[in-house]
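Here are some notes for a colleague to read alongside the model.

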Amino acid sequence: MSDLGKRQAGSTGLVWYRTGLRLEDNTALYHALSENESVHCCYMLDDNYMRGADIGAARGAFLLDSLAELSSDLEKHGGQLIVRRTRDVPPEIVGLARQVGAGRIYFHEDYLPYPRQRDARVRELAQAQSIEVKQYRDLLLVDPARVLTEEGYPYTV
């Protein structure tokens, strides 16, 4: 049975944008709005990611332009985008949830090693603060763990 549609009076959710910087067709945002009276949205500029070898000037500029557009879209609906720069995302995101009074953090699942480790730490820190984490598959049509070689390993090509 889904909790969808069971909005709790006085409840607050925090939508943590990472990829999918959009309002339309956004599973995490949809659930947050359906389950909470108040919803805050944020993006963490992760120094570990921003300093990565695959982040060049063009990609960085595209990200900042996309964040500006998302912020503008949220403002048109009466919301705002909280953007923070940090070297350590898990305590920053959980601290922000506490700051805005969120009992739940919503985000989309990521499949790469660093984000998976980061997300596990977020879940651990949130649980210690009695904050629920709600993670959704939204970015891919098929979960990569379901498409394996005959030997049971993920495809590498």
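1. A residue is called buried when its relative accessible area is under 20%, exposed when over 50%, and partly exposed in between, using a 1.4 Å probe and protein chains only. By that rule Tyr136 counts as buried because its relative accessibility is 14%. The model is predicted, so to speak of local features pLDDT of at least 70 is needed, side-chain atom pairs count only at pLDDT 80 or more, and totals for chains, interfaces and linings use all residues. Residues are numbered from 1 along each chain as its sequence is written, and side-chain values use heavy atoms, with hydrogens and water left out.

2. Rings of Phe, Tyr and Trp (its six-membered ring) pair if their centres lie within 6.5 Å, and planes under 30 degrees apart count as stacked, over 60 as edge-to-face and the rest as tilted. The count comes to two aromatic pairs. Trp16 and Phe107 are edge-to-face, because their planes stand at 70 degrees, with ring centres 5.0 Å apart. This pair links strand 1 to strand 4 (residues 104–108), across 91 residues; strands (E, at least two residues) and helices (H or I, at least four) are DSSP runs numbered from the N terminus. Trp16 is buried at 3% relative accessibility, as is Phe107 at 0%.

3. Tyr106 and Tyr136 form a stacked pair, 6.5 Å centre to centre with 5 degrees between the planes. Tyr106 is buried, with a relative accessible area of 0%.

4. Asp25 lies in the loop between strand 1 (8–17) and helix 1 (27–35), and has a positive phi, near 50 degrees. Asp25 counts as exposed, at 66% relative accessibility.
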